[in-house]
Amino acid sequence: MSDACAKMKRLVDSVRVIPVIVIEDAKDAVPMATALLEGGMRVLEVTLRSAAALPAIEAMARALPDAVVGAGTVLNRADAANAREAGAAFAVSPGYTRELGLACAEFGMPLLPGAVTASEVMTALDDGYDFLKFFPAAASGGIAMLKALGGPFPGVAFCPTGGVSSGNLDDYLSLPNVTCVGGSWLTPAELVRRGDWAAVTALCRSARRG
Ligand code: 3PG
């Protein structure tokens with residue numbers, strides 16, 4: 001197994017739900033992470049989809065040593081390097097490339113790469129990654145597809161994201177090859193806009209499992 005994969009597994013060992021964050025304003029970073037942590041969410045994925053993402057990762061990691069703050073939407077070696085520089089504890093990618101797998105191994109950076117087809121799973125497995133993000137989960141066949149992948153790949157664990165919510169979280173978590181799930185439903189744009197951090201904490205408490 002790749003060391004970047006083994007380290008990723010250790011980071012999320014007892015974690016069942018990972019908030020996937022899109023942050024538009026870096027000033028929201030610390031209050032948002034505080035609210036998530038308060039709600040029992042310890043591992044946080046900040047997606048590199050906005051200019052505020054890297055400064056947000058830096059601010060969260062500095063202010064909240066109890067949180068494990070990683071970068072999502074890491075697409076290539078440069079993204080992984082930037083995330084590491086900002087203090088990200090891990091990287092998540094929607095898919096997998098050998099370039100990214102090798103870069104994270106070289107950086108000693110835990111990586112959760114994405115795969116949804118048998119060929120993609122095989123490519124990631126070839127490079128030692130057997131803990132994979134399953135994205136976009138709902139659009140890629142959801143529960144039925146994860147069950148089907150469990151046949152040929154009994155040793156692969158998945159973290160589905162994309163269409164996971166409070167309504168189907170337990171269905172995903174009940175699958176033997178799903179160790180955790182992720183999603184943006186814990187940080188709804190409207191609550192973030194209003195700065196309603198108490199509501200974010202309440203959402204996290206109700207989504208907390210394990
Ligand atoms: C991700 O990057 O994991 C997804 O964008 C999260 O998908 P969701 O918004 O459907 O939770």
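Tutor: A residue is called buried when its relative accessible area is under 20%, exposed when over 50%, and partly exposed in between, using a 1.4 Å probe and protein chains only. The model is predicted, so local features need pLDDT of at least 70 and side-chain atom pairs count only at pLDDT 80 or more, while totals for chains, interfaces and linings use all residues. Residues are numbered from 1 along each chain as its sequence is written, and side-chain values use heavy atoms, with hydrogens and water left out.

Student: Is Phe134 buried or exposed?

Tutor: Phe134 is buried, with a relative accessible area of 0%. Phe158 is buried with a value of 0%.

Student: How many aromatic pairs are there?

Tutor: Rings of Phe, Tyr and Trp (its six-membered ring) pair if their centres lie within 6.5 Å; planes under 30 degrees apart are stacked, over 60 edge-to-face, and the rest tilted. The count here is two aromatic pairs. Tyr96 and Tyr129 form a tilted pair, 5.5 Å centre to centre with 50° between the planes. Tyr96 lies in the loop between strand 4 (91–92) and helix 5 (98–107), and Tyr129 in the loop between helix 6 (118–126) and strand 6 (131–134), so the pair ties together parts 33 residues apart in sequence. Helices (H or I, at least four residues) and strands (E, at least two) are DSSP runs numbered from the N terminus. Both Tyr96 and Tyr129 are buried.

Student: Why is the pair of Phe134 and Phe158 edge-to-face?

Tutor: The ring planes of Phe134 and Phe158 lie at 80°, with centres 5.9 Å apart, so the pair is edge-to-face. Phe134 in strand 6 and Phe158 in strand 7 (residues 157–160) are 24 residues apart, and the pair links distant parts of the chain.

Student: Which residue has its charged end over the ring of Phe135?

Tutor: A charge sits over a ring if NZ of Lys or CZ of Arg is within 6 Å of the ring centre and within 35 degrees of the ring normal. The charged end of Lys133 sits over the ring of Phe135, 5.0 Å from its centre. Phe135 is also joined to Pro136 by a cis peptide bond, with omega about -5°. Pro136 is in the loop between strand 6 and helix 7 (142–149).

Student: What is the phi of Thr73?

Tutor: The phi of Thr73 is near 55°, a positive value in a residue other than glycine. Thr73 is in the loop between strand 3 (68–72) and helix 4 (77–86). Thr73 is buried, with a relative accessible area of 16%.
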